Every structure is written in C-alpha cells, then in structure tokens.
Amino acid sequence: MLAQEILTPAGRIKLIINALVIIVIALVVYWLANKVMKLFSNTRSYADDINPQNLTYSESEYNTMADAIFQAADGWGTDEDTIYRVLSYLRTPDDWNKLVVVYGKDADGFYLPGRLVYELDHSEQEKVRQILKRIGVNF
Ligand SMILES: [Ca+2]
C-alpha cells in the first residue's frame, strides 16, 4: 500500500480491516495450537513440575481420582459433574501435575488434558478452566 493511499479515508479503512483480519487469524491459530498441544502433550513436563511437599493426597488417592475421571469419560456420554467434583479436590498446581502423571495414557490413548479437551464442549472446558484457575493452573 502506498503512503498516499494510507492518507485517504478509504485507505485507512482498508488498513484497519487488514489489521483486524490479521488479529482474528492470529487468535484462531493460537486457539488451535493450544488445543492441539493439549491433545498430544505427554506427561514428562508435568512430572518435572511436582514438588512432593506440595502434594495434598496419597499416591492411592491420586489413583482413585484418575480412575474416577476415566470412568466418567469412558464410553458413551460423559459424567461432567464427576469430572468437576474430582478436579475441585485439587489444592495445588502440584496436585494437578501429579494427577496428570498418575492418569498417564489411558486405554484410548489420551493423556488427561487431551481427554478433557476431547470429552468436554467449549462451555464445559471453560468450567474446568475456572476450577483449575482457583489453584493457579492455566488449562
Ligand atoms: Ca465419553
């Protein structure tokens, strides 16, 4: 675009529209990349981020929580309330990381974050985001 063209009202509108289109494309790409990362991320980064002193529960309790989430998600339909309830037991970011590690890779090939993205619709994921935000976890 020529400098002279930018000075005309039509040129300015064109410039603003181009900028808005770029912003919208960037947001969509960011959103998609985030979703893809959650679907395919493995548990290594979570395991590196666990301080045993910040864990609220015993190993077997995390196992029980992981099982409850898998049972709630597996098969036809999804028991969202159980998923919300279990996630609200978590008290620290380490609890979340530990749960992701203990959940591991489930029978359908999903890690916990990917499973939640796969099972839950947008508003349900938003609810999970709110529950995890409480303990300082960005989902
Ligand atoms: Ca299901």
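This is a predicted model: local features need pLDDT of at least 70, side-chain atom pairs count only at pLDDT 80 or more; totals for chains, interfaces and linings use all residues.
Local features require pLDDT of at least 70, side-chain atom pairs count only at pLDDT 80 or more, and totals for chains, interfaces and linings use all residues. Residue numbers start from 1 along each chain, following the sequence as written.

The protein chain contains 8 helices and 0 strands. Both kinds of element are DSSP runs, numbered from the N terminus: helices are H or I runs of at least four residues, and strands are E runs of at least two. From the N terminus on, the order of elements is α-α-α-α-α-α-α-α. The radius of gyration of the protein chain is 21 Å, well over the 14 Å that the globule rule gives for 139 residues, so the chain is more spread out than a compact globule. This radius is taken over C-alpha atoms, and the rule is 2.2 Å times the number of residues to the power 0.38. Along the principal axes, the C-alpha atoms fill a box of roughly 70 × 35 × 25 Å.

Burial was computed from C-beta atoms placed from the backbone (buried: 20 or more other C-beta atoms within 10 Å; exposed: 12 or fewer; partly exposed: in between). Of the 139 residues in the protein chain, 21% are buried. Contacts were also computed (C-beta atoms, placed from the backbone, within 7 Å). Among contacts between residues at least 6 apart in sequence, 67% join residues at least 24 apart.

The protein chain is divided into domain 1 (1-40) and domain 2 (42-139). These bounds come from an automatic or database domain assignment. The C-alpha centres of the two domains lie 35 Å apart. Their contact takes 4 residues from domain 1 and 4 residues from domain 2. The side of domain 1 that touches domain 2 has 2 nonpolar, no polar and 2 charged residues. In this classification, Ala, Val, Leu, Ile, Met, Phe, Trp, Tyr, Cys and Pro are nonpolar; Asp, Glu, Lys and Arg are charged; the others, Gly among them, are polar.

Helix α2 (residues 9-40) meets helix α7 (residues 112-119). Their axes come within 6 Å and cross at roughly 125°. That angle makes α2 oblique to α7. Axes are lines fitted to C-alpha atoms, for helices over the stretch in contact, and angles run from 0 to 180 degrees between N-to-C directions. Angles under 35 degrees are roughly parallel, over 145 roughly antiparallel, 65 to 115 roughly perpendicular, and the rest oblique. In α2, Lys35, Lys38, Leu39 and Phe40 meet Pro113, Gly114, Val117 and Tyr118 of α7. By class, this contact has 5 nonpolar, 1 polar and 2 charged residues.

Helix α7 is mostly covered, with 6 of its 8 residues buried. These are Leu112, Pro113, Gly114, Arg115, Leu116 and Glu119. Their cover includes α2, α4 (59-73), α6 (93-103) and α8 (122-133).

Three further residues were examined. Asn42 lies in the loop between α2 and α3. Asn42 counts as exposed because it has 12 C-beta neighbours inside 10 Å. Asn42 and Val101 are 59 residues apart along the chain, and their C-alpha atoms are separated by 8.9 Å. Arg44 is in helix α3 (residues 44-47). With 9 C-beta neighbours inside 10 Å, Arg44 is exposed. The C-alpha atoms of Arg44 and Thr78 are separated by 27 Å, at 34 residues apart along the chain. Lys127 belongs to helix α8. Lys127 has 14 other C-beta atoms within 10 Å, so it is partly exposed. From C-alpha to C-alpha, Lys127 and Tyr84 are 7.8 Å apart in space and 43 residues apart in sequence.

Conventions
Two residues are in contact if their C-beta atoms, placed from the backbone, lie within 7 Å.
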